[in-house]
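Me: I have a structure open and would like to learn how to read its features. Could you take me through some, starting with a single residue?

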Amino acid sequence: MNWYLEVLKKYVVFNGRARRKEFWMFELINVIISIVLTVVDLSLDMQLLSTIYSLAIFLPSLAVTVRRLHDTGRSGWWVLIGLVPLVGFIVLLVFACTEGDQHENEHGPNPKLAPAY
């Protein structure tokens, strides 16, 4: 849950780098929350809660994806490849799974080497 909250603290921070663990733990918790809200919405016969959650989480999701791309040495603009049906999703998935640069890159130092708080 700390990884999820850490991403929310960086609500619209598009600079810097995000580790694979930060990205995937955020996505995992995001999917779990979305499923729970969808079940609640279906039981109440509405789509209000899941829609509000999706809108609220859009910018943090975009920001952590851009930071993840930065960690692999790519520009955040690569996120736009996701607009290409199917192929874009696969490319972003591969980029998200790729290990980040081991050393400092143009987007900042390696987040794995950052001190734990």
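Reply: Let us start with D71, which lies in helix α3; helices (H or I, at least four residues) and strands (E, at least two) are DSSP runs, numbered from the N terminus. Do keep in mind that this is a predicted model, in which local features need pLDDT of at least 70, side-chain atom pairs count only at pLDDT 80 or more, and totals for chains, interfaces and linings use all residues. Residues are numbered from 1 along each chain as its sequence is written, and side-chain values use heavy atoms, with hydrogens and water left out.

Me: Is D71 buried or exposed?

Reply: Buried means under 20% relative accessible area, exposed over 50%, and partly exposed in between (1.4 Å probe, protein chains only). D71 has 4% relative accessibility, so it counts as buried.

Me: Which residues does D71 touch?

Reply: A contact means heavy atoms within 4.5 Å. Leaving out residues up to four places away in sequence, D71 touches R17, A18, R19, G100, D101, N105 and P111. For a second case in helix α3, take S50: its relative accessibility is 17%, so S50 is buried too. With residues up to four places away again not counted, S50 touches L37, T38 and D41.

Me: What is the secondary structure of the protein as a whole?

Reply: It comes to four helices and zero strands, in the order α-α-α-α along the sequence. Of the 117 residues, 33% count as buried, and the C-alpha atoms fill a box of roughly 50 × 35 × 20 Å along the principal axes.

Me: How should I read the packing of two helices?

Reply: Two packed helices are described by the angle between their axes and the distance between the axes. Axes here are lines fitted to C-alpha atoms, for helices over the stretch in contact, and angles run from 0 to 180 degrees between N-to-C directions. Angles under 35 degrees count as roughly parallel, over 145 as roughly antiparallel, 65 to 115 as roughly perpendicular and the rest as oblique. The axes of α2 and α3 cross at roughly 170 degrees and come within 10 Å. That is why α2 is roughly antiparallel to α3.

Me: What kinds of residues make up the contact of α2 with α3?

Reply: Ala, Val, Leu, Ile, Met, Phe, Trp, Tyr, Cys and Pro count as nonpolar, Asp, Glu, Lys and Arg as charged, and the others, Gly among them, as polar. This contact has eleven nonpolar, six polar and five charged residues.

Me: And at what angle do α1 and α2 pack?

Reply: Helix α1 (residues 2-9) and helix α2 (residues 20-44) pack at about 100 degrees, their axes 8 Å apart; they are therefore roughly perpendicular. On the α1 side W3, Y4 and V7 take part, meeting K21, E22, M25, F26, I29, N30 and I33 in α2. The buried residues of α2 include F26, I29 and N30, and what covers its buried residues includes α1, α3 and α4 (87-97).

Me: Where is the kink in α3?

Reply: A bend at a residue is the angle between axes fitted to the seven residues ending there and the seven starting there. In α3, a kink of about 40 degrees lies at I57, shortly before the proline P60. Just after α3 comes G73, with a positive phi of about 85 degrees. Likewise, α2 is followed by D45, whose positive phi is near 60 degrees.
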